[in-house]
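User: I'm new to this one and would like to go through its pockets and its aromatic rings. Could you take me through them step by step?

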Amino acid sequence: MNLWEQHKKTKNDAKNQNLMLHFDPDIEPELKTLYLSFSRWLRKEYFFPKKIHIYIRNCENIRLKNGKPAYGSFRYYQKRTSMIQIPSKVEEHLLGEYTKEDLYEQILSSFVHELTHYYQWIDNLE
């Protein structure tokens with residue numbers, strides 16, 4: 001079973017505005033453009049049945065509730081809009097070992113990973 005395939009849009013799906021992006025100041029313009037174009041494609045291809053706020057953070061990692069650092073988090077709520085946080089500051093010490101494009105790809109991979117948790121929640125999967 002492909003989790004994402006189940007949520008492919010059909011002709012019957014209404015216009016979908018449930019994927020909401022919010023950017024911290026100073027996100028690199030090139031990365032912000034990638035987020036926006038990728039999100040447009042996601043909205044065109046996939047249905048998002050419940051609203052989800054995506055917070056693009058200007059940091060190298062975020063802290064989970066348990067205090068541990070992470071490269072993304074998904075939180076769901078029953079009585080308010082769920083959210084994803086993605087740290088999106090390029091780690092300068094990795095440049096040279098990786099290209100900026102490689103690092104952007106890793107950041108966007110974290111975005112897809114957290115959206116997969118969103119779909120698991122929508123489908124009541126563990």
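This is a predicted model: local features need pLDDT of at least 70, side-chain atom pairs count only at pLDDT 80 or more; totals for chains, interfaces and linings use all residues.

User: Okay, which residues line the second largest pocket?

Analyst: The lining of the second largest pocket is made up of Phe 74, Tyr 76, His 117, Gln 120, Trp 121, Asn 124, Leu 125 and Glu 126, and the volume of this pocket is about 150 Å³. Helix H2 makes the greatest contribution to that lining, with three residues.

User: And how do those lining residues divide by class?

Analyst: For the second largest pocket, four residues of the lining are nonpolar, three are polar and one is charged.

User: What about the largest pocket, how much space lies in there?

Analyst: The largest pocket holds about 180 Å³ of space. Two elements, strand S6 (82-87) and helix H2 (100-122), each give two or more residues to its lining, and H2 gives the most, with four. The lining residues include Glu 60, Tyr 71, Ile 86, Pro 87, Leu 103 and Ser 110, and by class the whole lining has seven nonpolar, two polar and three charged residues.

User: Switching to rings now: how many aromatic pairs does a search of the whole structure find?

Analyst: The search finds 14 aromatic pairs. One of them is a tilted pair formed by Phe 48 and Tyr 118, with 5.9 Å centre to centre and 35 degrees between the planes. This pair links distant parts of the chain, 70 residues apart, since Phe 48 is in the loop between helix H1 (29-45) and strand S2 (52-57), while Tyr 118 is in helix H2.

User: Is Phe 48 buried or exposed, and why?

Analyst: Phe 48 counts as buried because its relative accessibility is 0%, and Tyr 118 counts as buried because its relative accessibility is also 0%. Tyr 118 also forms a tilted aromatic pair with Trp 121, at 6.3 Å centre to centre and 50 degrees between the planes.

User: Where do Tyr 118 and Trp 121 lie?

Analyst: Both lie in helix H2, three residues apart, which is about one turn of the helix, and both are buried. Trp 121 is also one of the residues that line the second largest pocket.

Terms used
Residues are numbered from 1 along each chain as its sequence is written. Side-chain values use heavy atoms; hydrogens and water are left out. On a 1 Å grid over the protein atoms alone, a cavity is a set of points where a 1.4 Å probe fits but cannot get out, and a pocket is an open set with protein on both sides within 12 Å along at least five of seven lines; lining residues have an atom within 4 Å of a point. Grid points are joined across faces, edges and corners, and a volume is the space filled by probe spheres set on the points. Ala, Val, Leu, Ile, Met, Phe, Trp, Tyr, Cys and Pro count as nonpolar, Asp, Glu, Lys and Arg as charged, and the others, Gly among them, as polar. Rings of Phe, Tyr and Trp (its six-membered ring) pair if their centres lie within 6.5 Å; planes under 30 degrees apart count as stacked, over 60 as edge-to-face and the rest as tilted. Buried means under 20% relative accessible area, exposed over 50%, partly exposed in between (1.4 Å probe, protein chains only).
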